[in-house]
Amino acid sequence: MATAPLHKRHAIVTGGSRGIGLAIAQALLDMGARVSIMGRDAAALDVAVAALQKHGDVAGMVVDVAQRTSVEQAFSQARVRFGPADILVNNAGQALSERFDRMEEAVWHQMLAVNLTGTFHCTQVALPGMLVQSWGRVVNVASTAGLSGYPYVSAYCAAKHGVVGLTRALAQEVGSKGVTVNAVCPGYTETDLVRDAVSNISSKTGVTLDEARATLARGNPQGRLVQPEEVASAVAWLCLPASGAINGQAVPVDGGELA
């Protein structure tokens with residue numbers, strides 16, 4: 001029997017207890033990786049670990065990616081359990097909607113802290129181990145909002161554009177050292193985050209939930225929401241040893257929305 005392509009590689013997936021992160025964790029486990037999933041909700045992590053255990057070696061660690069000390073502690077726990085990280089998937093994120101001229105400064109800082117600074121913290125903590133072994137994969141889950149603009153989520157767009165810029169810059173720094181850095185940019189995906197957006201649209205405009213959901217789906221030429229497993233498939237591909245020539249890219253997973 002052929003060895004799984006990520007046999008015994010240690011993958012860390014932030015925001016790994018639900019949605020896209022949970023799908024990514026399962027995809028990596030199915031490819032032979034040992035996976036540490038991280039998130040803020042300990043109870044949700046426990047449920048996710050229980051669901052994922054049949055797929056392979058998995059553990060959960062509580063983390064707030066916006067806080068450096070929390071990241072260092074969680075990554076240290078993961079390192080004790082499975083060794084240094086070979087793969088880092090920066091998936092933790094948050095989206096808040098507000099018209100720009102009504103946006104409070106706290107919302108701006110929160111969007112940057114979770115979506116951009118969190119990616120910085122996790123990558124800076126995980127990267128040294130990858131450089132020591134001259135092999136690593138960093139995949140940042142950005143968004144089509146990192147490649148385009150959307151109304152009422154300017155802070156989120158700014159943060160995700162920052163993630164794409166960080167991806168491209170870091171790829172240039174570490175490309176000669178066996179580490180690749182890429183981003184995937186999902187369109188509207190069937191997740192809690194999008195369900196919250198649908199609820200927000202409905203409450204503010206008076207349309208039904210189904211109408212609000214259809215509005216988001218219409219942005220995709222395929223007329224549907226992207227599924228978490230489709231994003232996970234793209235992330236897993238970028239983590240493969242055979243994907244070593246893919247570096248510094250921001251790959252849309254959007255059904256052709258930005259084509």
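What follows is a chat about one predicted protein model.

Trainee: What kind of model is this, and how are residues numbered?
Mentor: This is a predicted model, where local features need pLDDT of at least 70 and side-chain atom pairs count only at pLDDT 80 or more, while totals for chains, interfaces and linings use all residues. Residues are numbered from 1 along each chain as its sequence is written, and side-chain values use heavy atoms, with hydrogens and water left out.

Trainee: How many helices and strands does the chain have?
Mentor: There are eight helices and seven strands. Both are DSSP runs numbered from the N terminus: helices are H or I with at least four residues, strands are E with at least two.

Trainee: What about the overall dimensions?
Mentor: The C-alpha atoms fill a box of roughly 55 × 35 × 35 Å along the principal axes. The radius of gyration is 18 Å, which agrees with the value near 18 Å for a compact globule of 259 residues. That radius is taken over C-alpha atoms, and the globule rule is 2.2 Å times the number of residues to the power 0.38.

Trainee: How much of the chain is buried?
Mentor: Buried residues make up 47% of the 259. Buried means under 20% relative accessible area, exposed means over 50%, and partly exposed is in between, with a 1.4 Å probe and protein chains only.

Trainee: And the accessible surface?
Mentor: The accessible surface comes to about 11,900 Å², and 53% of that belongs to carbon and sulfur atoms. The areas come from the Shrake-Rupley method with a 1.4 Å probe; for residues, only the protein chains shown count as cover.

Trainee: Let's go to the strands. Is β6 enclosed or open?
Mentor: Eight of the eight residues of β6, residues 179-186, are buried, so this strand is largely enclosed by the rest of the structure.

Trainee: Which residues point which way from β6?
Mentor: Val 179, Val 181, Ala 183 and Cys 185 point one way, and Thr 180, Asn 182, Val 184 and Pro 186 point the other way.

Trainee: What does β6 pair with?
Mentor: Strand β5 (residues 136-141) runs parallel to β6, joined to it by six bridges. Strands pair if DSSP finds at least two bridges between them. Within this pairing, Val 141 has Val 184 as its bridge partner. From β5 the chain crosses through helix α5 (residues 154-174) to β6, and the β-α-β crossover is right-handed. Right-handed here says that, with the strands pointing away from the viewer, the path from the first strand over the helix to the second runs clockwise.
Mentor: Strand β7 (residues 250-253) is also parallel to β6, with four bridges between them, and Pro 186 stands opposite Val 253.

Trainee: How many residues of β2 are buried?
Mentor: Five of the six residues in β2 (residues 34-39) are buried. It pairs in the parallel sense with β1 (residues 10-14) over five bridges, where Thr 14 stands opposite Met 38. The chain goes from β1 through helix α1 (residues 19-30) to β2 in a right-handed β-α-β crossover.

Trainee: What does Leu 52 touch?
Mentor: Leu 52 lies in α2 and, at 2% relative accessibility, counts as buried. Not counting residues up to four places away in sequence, its contacts are Leu 22, Ala 25, Gln 26, Leu 29, Ile 37 and Val 58. Contact means heavy atoms within 4.5 Å.

Trainee: New topic. How many aromatic pairs are there?
Mentor: The count comes to one aromatic pair. The rings of Tyr 150 and Tyr 188 have centres 6.0 Å apart and planes at 65 degrees, so the pair is edge-to-face. The rule takes rings of Phe, Tyr and Trp (its six-membered ring) with centres within 6.5 Å; planes under 30 degrees apart count as stacked, over 60 as edge-to-face and the rest as tilted.

Trainee: Are those two tyrosines buried or exposed?
Mentor: Tyr 150 counts as buried at 19% relative accessibility, and Tyr 188 as partly exposed at 31%.

Trainee: What is the phi of Ser 134?
Mentor: Phi of Ser 134 is near 55 degrees, a positive value in a residue other than glycine. Ser 134 sits in the loop between α4 (105-133) and β5.
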